[in-house]
Amino acid sequence: MLIFTAYAELYQIEELITALPMVRFEIAAPVYVSFQLKQLLGYPNVRIHQVVLS
């Protein structure tokens, strides 16, 4: 699942990540992501892509 965001907070994203362990979450942002989003890398089904140009 691709999520493109420019915000540091994603409403209930951790609940989705833990409820759907078989889904890979690709979180992309046009800027460097916040420490809060980087902490989601602790989940095996999360990938983060920073400074993605649209």
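Select Val46: leaving aside residues up to four places away in sequence, Val46 touches Ile17, Phe25, Ile27, Leu40 and Leu41, where contact means heavy atoms within 4.5 Å. The model is predicted, so local features need pLDDT of at least 70 and side-chain atom pairs count only at pLDDT 80 or more, while totals for chains, interfaces and linings use all residues. Residues are numbered from 1 along each chain as its sequence is written, and side-chain values use heavy atoms, with hydrogens and water left out.

Next, select strand S3 (46-49); strands are DSSP runs of E, at least two residues, and helices are runs of H or I, at least four, numbered from the N terminus. Val46 and Ile48 point to one face and are buried, meaning under 20% relative accessible area with a 1.4 Å probe, protein chains only.

S2 and S3 run parallel and are joined by 4 bridges; pairing requires at least two bridges found by DSSP. Ile27 stands opposite Ile48.

Now select the largest nonpolar core, 11 residues including Ile3, Ile13, Val33 and Leu37. Such a core is a set of buried Ala, Val, Leu, Ile, Met, Phe, Trp, Tyr and Cys residues joined through side-chain atoms within 4.5 Å.

Last, select Ala8, Glu9, Leu10, Gln12, Ile13, Glu14, Gln36, Leu37, Gln39 and Leu40, which line the largest pocket. Helix H1 (13-19) and helix H2 (35-38) each give two or more residues to the lining. On a 1 Å grid over the protein atoms alone, a pocket is an open set of points where a 1.4 Å probe fits, with protein on both sides within 12 Å along at least five of seven lines, and lining residues have an atom within 4 Å of a point.

Technical notes:
Buried means under 20% relative accessible area, exposed over 50%, partly exposed in between (1.4 Å probe, protein chains only).
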